[in-house]
Amino acid sequence: MLVELRACPICWTQFQVNPQATRHTYCTPRCKAEAARRRRRERDEAINTAETDVVTRQAPAPTPLTPTAIRNCPHCDKPVTIVALLATPEAARPTIPAASPDVIPMRRS
């Protein structure tokens with residue numbers, strides 16, 4: 001029976017294997033499990049790196065006063081920049097001055 005010497009890629013020890021058994025790569029099941037752990041770790045790191053690349057490649061969030069569209073004025077036919085004012089935090093939470101005599105607060109009955 002022929003015997004072939006191979007080196008384990010994990011612990012680098014020499015071990016004997018039948019040359020017809022081409023699937024024997026590791027010297028022990030422990031080294032085989034360690035190789036699987038390393039492959040899993042490398043795969044997870046590659047996935048995490050790809051996810052952070054996707055996050056960094058996204059366009060920055062627009063500021064509230066960025067131009068939404070540019071249209072022509074129906075009266076003078078000049079370009080007019082349209083801004084989404086309701087998207088600003090100030091427009092979302094308007095404050096009503098309480099000391100003003102011409103503002104009457106609404107009451108629910």
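Arginine 37 forms a salt bridge with glutamate 34, with the closest N and O atoms 2.9 Å apart. A salt bridge here is a side-chain nitrogen of Lys or Arg within 4 Å of a carboxyl oxygen of Asp or Glu. The two residues lie three residues apart in helix H1, so about one helical turn separates them. Helices are DSSP runs (H or I, at least four residues), numbered from the N terminus. Arginine 37 is partly exposed, at a relative accessible area of 39%. Buried means under 20% relative accessible area, exposed over 50%, and partly exposed in between (1.4 Å probe, protein chains only).

The model is predicted: local features need pLDDT of at least 70, side-chain atom pairs count only at pLDDT 80 or more, and totals for chains, interfaces and linings use all residues. Residues are numbered from 1 along each chain as its sequence is written, and side-chain values use heavy atoms, leaving out hydrogens and water.

The structure holds four salt bridges. Aspartate 44 pairs with arginine 43 in one of them, the closest N and O atoms being 3.4 Å apart. Aspartate 44 is partly exposed at 34%, as is arginine 43 at 47%. Glutamate 4 forms a salt bridge with arginine 6, with the closest N and O atoms 3.3 Å apart. Glutamate 4 is partly exposed, with a relative accessible area of 30%. Arginine 6, at 16% relative accessibility, counts as buried.

Arginine 40 is found in helix H1, which covers residues 29–57. Its relative accessible area is 41%, so arginine 40 is partly exposed.
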